[in-house]
Amino acid sequence: MSIVQMAHSSHRHGLRRHQRGDRGWIALIKIWWRRMQDRRTLATMSDQSLRDIGISRYEAYYEASKPFWRA
């Protein structure tokens, strides 16, 4: 689930950001950490590996260059 989806979900359920509690923030940090790790891996993949997963070098660069908080 992306950060935007989490934000929309919390608003849909009548929760504001400061009302999510510790579990919500921990989950958010885990998502950010995983996204950061995935983007680092993507940036170091070979052209053959990128072809295997169906993305171009440009797409990999674009995704890897995004900040961790952006989905």
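Colour the chain by pLDDT, the predictor's confidence in each residue, from 0 to 100. The protein averages 82, and 72% of the residues score at least 70. Next select residues 10–14: here the pLDDT is below 50, and beyond near neighbours in sequence the stretch has four contacts in the model (contact: heavy atoms within 4.5 Å).

This is a predicted model, in which local features need pLDDT of at least 70 and side-chain atom pairs count only at pLDDT 80 or more, while totals for chains, interfaces and linings use all residues. Residues are numbered from 1 along each chain as its sequence is written, and side-chain values use heavy atoms, with hydrogens and water left out.

Now select helix α2 (residues 22–44) and helix α4 (residues 57–64). Helices are DSSP runs of H or I, at least four residues, numbered from the N terminus. The two axes come within 9 Å and cross at roughly 150°; axes are lines fitted to C-alpha atoms over the stretch in contact, with angles from 0 to 180 degrees between N-to-C directions. α2 and α4 are therefore roughly antiparallel (over 145 degrees).

Show side chains where they touch: Arg39, Leu42 and Ala43 in α2 meet Arg57, Ala60, Glu63 and Ala64 in α4. The contact residues comprise four nonpolar, no polar and three charged (Ala and Leu count as nonpolar, Glu and Arg as charged).

Last, look for aromatic pairs, with ring centres within 6.5 Å; the whole structure has two. In one, the rings of Trp32 and Phe68 have centres 5.2 Å apart and planes at 70°, so the pair is edge-to-face (over 60 degrees, using the six-membered ring of Trp). Trp32 lies in helix α2 and Phe68 in the segment after α4, 36 residues apart.

Notes
Helix = DSSP H or I, 4+ residues; strand = E, 2+ residues; numbered from the N terminus. Parallel < 35°, antiparallel > 145°, perpendicular 65-115°, else oblique. Phe/Tyr/Trp six-rings, centres within 6.5 Å; stacked < 30°, edge-to-face > 60°.
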